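Hi,

Here is the structure I promised to pass on to you.

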Amino acid sequence: MIKKIFIATAGILLILNSCVNNTVPVNLRTDYLTEPLGLDASNPRFTWEYSGDDEHFTPNRYEIKIGTNPKDLQTYENGMKLKPHTRYYWQVEVWDQNGDKSRPSEITWFETAKLSSSDWNGQWITDSHDKEFEPAPLFRKQFTAEKEIKNARLYVAAAGYYELFLNGHRVGENYLDPGYTHFDKRILYVTHDVTSDLKKGDNALAAVLGNGWYNEQSVAVWNFHEARWRDRPRMLCELRITYADNSEETIVTDDSWKTSTGAYTYNNLYSGDQYDARLEEEGWKTASFDDSQWNSATLTSSPAPLLAAQQMPGIHIVDEIQPTNIKAFSDTLYVYSFPENISGLCRLKVKGEAGTRITLKHGELLKEDGRLEQGNINVYYKPVKPGEVFQMDVYTLKGGEEEIFMPSFAYHGFQYVEVESSRPIQMGEGNLTALFMHTDVAPVGNFSCSNPLLNKIWNATMQAYRSNLHSIPTDCPQREKNGWTADAHVSIDLGLLGFDGITLYEKWMNDFIDNQTEAGDISGIIPSSGWGYGKWIGPVWDAAMFIIPDALYKYYNDTQAIERLYPTMEKYLDYLKTQEENGMLTYGLGDWVYWKATTPNNYTSTAYYYLDYTLMAKFAALLGKDATPYQKKAEELKNLINDNFFNEETGVYANGTQTAQALALYLHLAPSGKRQLVADKLHEIVAANDYFLDFGLIGSKTVPAMLTKYGYVEDVMKMVTKTDAPSWGYWVETMGYTTLPETWTLSPEFRDASLNHVFMGDISAWMMNYLAGIQYDEDKPGFTHINIEPHFVEGLDWAHGEYHSVKGIIRSEWKREGERYGLSVTIPVGCTATILVEEKEFQLEAGTHQLLFR
């Protein structure tokens, strides 16, 4: 039963909802996944939310019960030994602050996979060709299941990408599996439930392997063609069958598998797939196929010492997009326009003469004559194969009925596709569909407001963010596809406010461990085969190894990434000590892709060096280690920066750019008594520039947030609502882009400027944090306590933010009602919040609250 309590105080009407206690744990997850297959964690993490109406409910203790039989669950103790290949059921009961027990949760489950290397029974296989051989290797294994089948699991690892088929059916919904790693250090494997595709009697497993990042056969500037791990693609596969009588059988990769090549004539991550349908052997994926002319597979060694379960969402097709315009230049040349810039592929449906060669060339721009323009994205790829073109898939028809082609081992960034054929073909709206593909992180956050321009910026940011998730966070989905470290750390807040990304980032943090050299250095792109180490990229980029684990702690109250990376961090900081010059770091990239004002890199690099130590001190304390050396070093660096770069009289840092001022405030470098002076100087600089931005990626993260923190939110709105360059509005309104570009304007020659970058997108996090007002509490991570700090800015009539945190759904929505503002706030059960509005502060417990400000 709900009671409404009205409290009028200080111009605020507060309505609190109070209810009887019927709390129950809900949304149970294991390692942040819902009923996952194939975990390899010996101590998985169990998380849940609460549903109920008791606003006073505070969880005091809990008890997890677990077992292999849902009707016989036992109390779980940390360190309990789990068995491989086993389904475990679990539920949780919780006691509140009064010692009262909640209703027990529903029962959920997870399945273990390989908990040690000895759990694998298969052998790695490849074929007899070397790494330069272009056609993709095909493999197949025919076998007989003698009994009725209860269930079946398929465990697959590959160096390169794989596509697997069981009795002709494609296995799973993932594409471009397994995820990208340093292949000589760690390889991921994926678990599939294939029960429905297996049958009593004759069966066949079939696979085709693509090169992916493992075997780059052409040339780009990042030297992947010289990777130390390069080799012919290979795979490890194990099918575990449990029969109805509970007996088991295992089908594994070994030299009894057969191998050949076929229609997959070439594949490259940067150029695309080439497929000649005339070379297909009909039925090769099925049990009835005669493979007597195929060769035996070749046994080979594991490329890496570590096999790890892929415990993040796979790359999925999340949307199918129809063209908005088709321009036919002739019956052999068509250009398709799609409504938005995406990452992914196209599905081609076409009918024509056998031997007709069709090319699908992808890009983000059109020339004046309507043909495709690739000049902004193809500058770093230097194909050496005859007929190979950047972002161009090739399909050769076998003739006859309508044929369907979708590439298997590449993805592109594009909004336009140029289709060209060697013979006349008929192409219409239904012949080419764009497929938006990315690591399928669940959406958890949304922002909207009364200003359509801000909504466009938010949507373009989230579109760019998703376009740059392909088992790692990337810079762009076309030109590079690289895991640039600063791109990821400046966009971590917008990413985690929009999507449930912890498992993706934890995987990527493992890549940092594998990336580190013996000396302690890391590269600016991760993974890397050797490119990007040394002094060019530097500390601002490397700080991702501290910033991202810290963000995961703030958003999820989880220290696993910190614990795993701690030795890597220690080694890295020891390395940086050897790079100091007079105590500072004077190398590396700084405020990258700035507009006009350049900020000295000895200032930005040393500032992020300071940040490394402040976070390392925090991490040491969290893990029960001695934080004193890190605190001392951080204080020394802070003093050094202020002695060398701060003018106490004028409030100017370094050379007085927008970025220089904001960074000092953002990192808490400015002395406590001087912070408002520094902020006022920042405002003065911005105002003198007619409220236009003048910064690069560091400023995009720090300037709006610091102006708002120190009282200048209305001036941020002036900046955000600009539609002339440089501005976010220029991108989405004036130019009509549906994703965020890399540079504030395009050069006339279109050189080196992707239109699908996310690293300038933190303004969307600013919208959620300061317009809707949803913020984490630094002192109470994981949203157990929430700060709600909306700003009722001029020019907005309403703003709405919603975020599904690890504790439940948080909402903050305000609306202008004449001379008053109505604010509606929802706080998850078991959580509390502080409302901060116009210098008024008060506390709320769980529930939905209506507030009226006069």
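**A buried helix and its neighbours**

What covers the buried residues of α13 includes α1 (452-467), α10 (658-666), α11 (675-688), α12 (697-709), α14 (728-734) and α15 (762-772). Helices here (H or I, at least four residues) and strands (E, at least two) are DSSP runs, numbered from the N terminus. Before going further, please keep in mind that this is a predicted model, in which local features need pLDDT of at least 70 and side-chain atom pairs count only at pLDDT 80 or more, while totals for chains, interfaces and linings use all residues. Residues are numbered from 1 along each chain as its sequence is written, and side-chain values use heavy atoms, with hydrogens and water left out.

Back to α13, which spans residues 713-720: 6 of its 8 residues are buried, so the rest of the structure largely encloses this helix. Buried means under 20% relative accessible area, with exposed over 50% and partly exposed in between (1.4 Å probe, protein chains only). The buried residues of α13 are Val713, Asp715, Val716, Met717, Met719 and Val720.

**Helix pairs**

Two of the helices that cover α13, α12 and α15, also pack against each other: their axes come within 8 Å and cross at roughly 25 degrees. That makes α12 roughly parallel to α15. For the geometry, axes are lines fitted to C-alpha atoms, for helices over the stretch in contact, and angles run from 0 to 180 degrees between N-to-C directions. Angles under 35 degrees count as roughly parallel, over 145 as roughly antiparallel, 65 to 115 as roughly perpendicular and the rest as oblique. The α12 and α15 crossing is right-handed; a crossing is left-handed if the near helix is turned anticlockwise from the far one by less than a right angle, and right-handed if clockwise. On the α12 side, Ser700, Lys701, Pro704, Ala705 and Thr708 meet Asp762, Ile763, Trp766 and Tyr770 of α15, where contact means heavy atoms within 4.5 Å. By class, this contact of α12 with α15 has 5 nonpolar, 2 polar and 2 charged residues. In that count, Ala, Val, Leu, Ile, Met, Phe, Trp, Tyr, Cys and Pro are nonpolar, Asp, Glu, Lys and Arg are charged, and the others, Gly among them, are polar.

How do the axes of helix α8 (residues 601-622) and helix α9 (residues 628-645) cross, and at roughly how many degrees? They come within 8 Å and cross at roughly 160 degrees. That makes α8 roughly antiparallel to α9, and the crossing of α8 and α9 is left-handed. Residues in this contact include Tyr603, Ala607, Tyr610 and Tyr613 from α8, and Tyr630, Leu637, Ile641 and Phe645 from α9. The residues of the contact divide into 13 nonpolar, 4 polar and 2 charged.

α8 also packs against α10, with axes that come within 11 Å and cross at roughly 15 degrees. The two helices are therefore roughly parallel to each other, and the crossing of α8 and α10 is left-handed. Tyr603, Thr604, Ala607 and Tyr608 of α8 meet Ala660, Leu663 and Ala664 of α10, a contact with 6 nonpolar residues, 1 polar and no charged.

**Strands**

Strand β32 (residues 392-396) has 5 of its 5 residues buried, so it is largely enclosed by the rest of the structure. Met392, Val394 and Thr396 point one way, Asp393 and Tyr395 the other. β32 runs parallel to β21 (residues 272-276), joined by 3 bridges, with glutamine 274 as the bridge partner of valine 394. With β28 (residues 357-363), β32 pairs in the antiparallel sense over 5 bridges, and there isoleucine 358 stands opposite tyrosine 395. Two strands pair if DSSP finds at least two bridges between them.

Strand β14 (residues 186-193) is also largely enclosed, because 7 of its 8 residues are buried. It is joined by 5 bridges to the antiparallel strand β11 (residues 149-159), where leucine 154 stands opposite histidine 192. β14 pairs in the parallel sense with β24 (residues 306-309) over 4 bridges, and leucine 307 is the bridge partner of isoleucine 187.

Finally, 4 strands form an open antiparallel sheet in the order β6-β5-β7-β8. Its edge strands are β6 (74-75) and β8 (108-111), each pairing on one side only.

Best wishes
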